[in-house]
Amino acid sequence: MVVMSVYQGSSGETADLIIGVRNQENHDLQPNSAPVGALATRQGTISTFLAPLTQDTFKQVVRDVEQKLQIVHQTLSMLDSQGFETILQEMLHSITLKTGELLGADRTTIFLLDEEKKELWSIVAEAEGDRSLEIRIPADKGIGGEVATFKQVINIPFDFYNDPRSHFAQEQEKRTGYRTYTMLALPLLNEHGQLVAVVQLLNKLNSVNDPDASLAERIDTRGFTSADEQLFQEFAPSIRLILESSRSFYVATQKQRAVAALMKAIKSLSQSSLDLEDTLKRVMDEAKELMNADRSTLWLIDRDRHQLWTKITQDDGSTKELRIPVGKGFAGIVAASGKKLNIPFDLYEHPDSETAKQIDQQNGYRTCSLLCMPVFNADQELIGVTQLVNKKKSGDFPLYNPAYWPKAPECFQASFDRNDEEFMEAFNIQAGVALQNAQLFATVKQQEQMQRDILRSLSNGVVSTDKTGLIIAANESAKRLLGLELEDRLEGKLVNDVIGIKESDFSKWCQDALHGTDLKSRQQYYPDRTLVTTGTEQHSINLSINTIADASDQQQVRGALVVMEDISDEKRLKSTMYRYMTQELAEELLKLDDAKLGGDRKEVSILFSDIRGYTTLTENLEAEEVVSMLNEYFESMVEAVFKHKGTLDKYIGDAIMAVFGSPLPLEEHAWMAVQTSLEMRHRLQDFNQRRYIANKPRINIGIGINSDTVISGNIGSSKRMEFTAIGDGVNLGSRLESVSKQYGCDIIISDNTYQPCQDDIWARELDYIRVKGRNEPVAIYELVSLRSDPISSEKLQVIEHYHRGREYYLNRQFTFAKAEFAKVLSADKNDKAAMLHLRRCQHWLQSPPSDADWDEGVWTFHEK
C-alpha cells in the first residue's frame, strides 16, 4: 500500500510530502525516494519553511495542540463532522511531524492502538493528494508489532540492513529507491503501563547538514541515541494525552458521521414503496451514498436458475437485466460463500482481477476497490449481494478519463475499511427487510395475476361475490355463458340479478351459501341445469355454489363462488368420447373438421393382451356373466393403459390392442408399454382374488409387445373409418402374444422393446424365432419384473442357467445345453421354455442339423 507522511509547520502550512510504502511482511512503513511536486524532501528545506525547532518550541507546539483539543471539546456540538475531522487530523499531523523533527528523524509515523480490533492504525496522507487515509496493521506483526507486544524500545543502529528484520524493507527499497539506515521504534504507554501508540522514526539526520546533499551524506551514522530516547520520554505524557484525546475524538467523529448517514439511508428505505424494481434502485442509491462509493449494484438470488440477477438503467432510460452464475465473479463468490469480500485499492493487484480489467477496458472504466456483502432476510436466508465499487476520496477531483487506463484516477485511490463493513452490514439488515417485503408483495401481485389468468383461461364460468351477494369478479367464460359482451362490467351488481336458472330458486341457493349454516349449504352442486341468458341461445350447465370462508376463521363467511360448467354441444360430445378413448385421442380427432382417410408413420409400441382359454371359460357362463366379467376386466386393464399414456386402439373380442406414441408422440413409448404390461399383471392378480372370493373361475392372460414404425391414422372407408395403427410391427406384436403360450410366459417383448428398457427391467432372452407371415427372425424376451422390484437369488440363478443353456444351444453344444436346461427344470419343473429347449436338444442330438437345417438357431413357427 502506498501512503504518505506529512510534514507540517507550526502555522499549519504543508512543508513536505513524503511517499511511503507499507511493508507487507513486517507491516512497517518504508519510504519512497520520490518527492511529490516541487516540494523538497530534505531536512534542510524544512528548516527553510520553519523556525529552528528546540525543546522550548516543541513544548509550545504541545501547548498549542492541547489548547486546540480544549476548543474542540467545547465546540463539539457546533461543528459539522467534516470540519471536526479536519481539526483532529491537523492535530495528529502536527504532533507526528513535530515529534520527528524534535528527534531529528527523516521520516516519522505514529501508530495508535485499536484495542478492540487488536490493530495498530494511523492516519496518513494518501497517494498524490493531501487527503487522509486510515491504514491498519496487526498489533503483533513486524517491528511495530514487536514494540507493541513487548512494550520495549527497538533501536536499530547504522546499518539497518545488517539487522535480520530488514529483509523485506530491503526488497521494497530496491523498488522505491529509498534507503533506511537507522530506525527507532518506541512504545508510548499511559500511566498504567498500557500501550497507547507506537512511534516509528527512520534515519537520524546530522544536526547540521547540506540540504542539497544526498540522504546518505546527511545521515548521522551514530543513529538514534539514548539521549533521543530520554528526550522522547520527557514529552511522552503530553504526547500521550494529545493522542488519546485525538483518537477518542476521531473515532467518535467517524462513528457519528457514519451513524447519521446510516440513519438517513434506513429512513429512506423505510419510506420506499413495495415495488421490487423501485426498492432495488433505492437500495443501490442509498448504499452508494452511505458508503461514498462511485457505483453500487444489488444482486438478487434466483435459486431456480442458480444465478444472481439485477436491473440497471441504461443511457436511454430503459432498464436492462443482467445475470451471472452463483460462484462466478466477486459477487457470485459472496453469494456462494455467504461471506463478505473487501478488496482494497488497488483491485488490479488482486489475483482474480483479470475479468474486471477486461470489462473495464471494454466499458471505459477503472475499478480500484470493491466491497461485496451478503444480504439476508428476516429468516437468515441469503437473498442477495450488495456490491460497492470504488470508494471515493473526499474533495474535488477531475472526472475519470478512460484515455488514462489502466492508471488509477486520484478520485478512486481509496479503500473500504472495517467501519464501512460494519455500517454496510447494518444497512444490509434493513435492505434485507425492505427486499423481503418487496418480494412478498411481488409474489402477492403475481398470485393475483395468476388467479386472474386462471379465471380467464377456465372454460367454466366463474363468478365470485362478497358476503352480501355483490359480484366481486366474473371471468370471460361467465360473460359468454350469460350472453354478455366481454366489456360489460358485472362488479357491484347483485348475483341474483345477473344469474338465473330455469325452474330453480337460484336466489335461495345463494342465500344458503352466504349464511353457510351447514356443510350442505356451503357446498352445493346442481347438475344439468338450464341457464337463463339475455340472448337466444340456452346453455346446459352443471352448477356449483360454494362458500368462500375467512382465511383466519373457517367458520366465518366472506362470500360465495358460483361455477357454471358448460356441458352443451362439444363439451357433451367430449364427455361421451372420453368414455371410449383417452382425452388426447379425443382432442386430436375433434381438431379435424372433416376426417379424412390416411395416416402418418410414427414410432410406437404396440401391446396386445388376450384372455387364455376364453372360449372354454365362457362355455359354462351365462351371457350376462360374460359381459359383466369382461366389463370389469376391461375397466381395470384400460385404466392401466391410460395411466401410462397409452391409447386404447380397439377391443378384439376378449383381446385388447393398445398403442403408445399415437396419435401424440411419446418419447419413452417402449418404457410406458412395459410398465403397462406389468401393471396389468398386478391388476389381474387383484381381479382374480375378487373372483376367487366370489367363487368364480380365475382367468389368465398373455401379453405381447413390439416397438416399431407403423402407419397411424384414419383407416377404412369414407363412410366408416377408425383411428388405428397398421403395419408389420403391429402384426408382430399380435404374434408375440400368441407364442407366449408356447413358452408358458404371460409377457413377451421383442428385441426392439427390450433394448431401450434393458437397464430398468429383469428379463430373459427366450428364443430367436420366425413367426408366421414374417421372414425376418426376431429375438424375444420374457419380461420378469422391474429392476426396482425385489427378485430372489433363485430366480436370477434360473435366468443365468437358461442364458448359459442358450449359448451352448446356439453353438450346437447340445449336451452342455441339456445340462443347463435340466438345472432350470430342477429349480422350476413347470418352466415350459426350458422344456421346449430340452426337447430340441434331444432332437438335434439324435438328428444333428446340417448348416442349412440349423438356420443359425432360428425356430420357425408355422402357425399363428
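Arg-683 is buried, with a relative accessible area of 19%, where buried denotes under 20% relative accessible area, exposed over 50%, and partly exposed the range in between, calculated with a 1.4 Å probe on protein chains only. The structure is a predicted model, in which local features need pLDDT of at least 70 and side-chain atom pairs count only at pLDDT 80 or more, whereas totals for chains, interfaces and linings use all residues. Residues are numbered from 1 along each chain as its sequence is written, and side-chain values use heavy atoms, with hydrogens and water left out.

Arg-683 forms a salt bridge with Glu-639, the closest N and O atoms being 3.1 Å apart; a salt bridge is taken here as a side-chain nitrogen of Lys or Arg within 4 Å of a carboxyl oxygen of Asp or Glu. Because Arg-683 lies in helix H20 and Glu-639 in helix H19 (residues 623-643), the pair ties together parts that are 44 residues apart in sequence. Helices (H or I, at least four residues) and strands (E, at least two) are DSSP runs, numbered from the N terminus. Glu-639 itself is partly exposed, at a relative accessible area of 40%.

By this rule, the count of salt bridges comes to 36. Among them is the contact between the side chains of Glu-119 and Arg-418, at 3.3 Å from N to O, which links distant parts of the chain, with Glu-119 in strand S5 (residues 119-126) and Arg-418 in helix H11 (residues 418-457), 299 residues apart. In this pair Glu-119 counts as buried at 11% relative accessibility, while Arg-418 is partly exposed at 38%. A further salt bridge joins Arg-222 to Asp-220, with the closest N and O atoms 3.1 Å apart; here Arg-222 is exposed, at 65%, and Asp-220 is buried, at 8%. Asp-302, Arg-305, Glu-321 and Arg-323 are linked in a network of salt bridges.

The backbone was also examined. Most residues other than glycine have a negative phi, and most peptide bonds are trans. Gln-380, a residue other than glycine, has a positive phi near 60° and counts as exposed at 60% relative accessibility.
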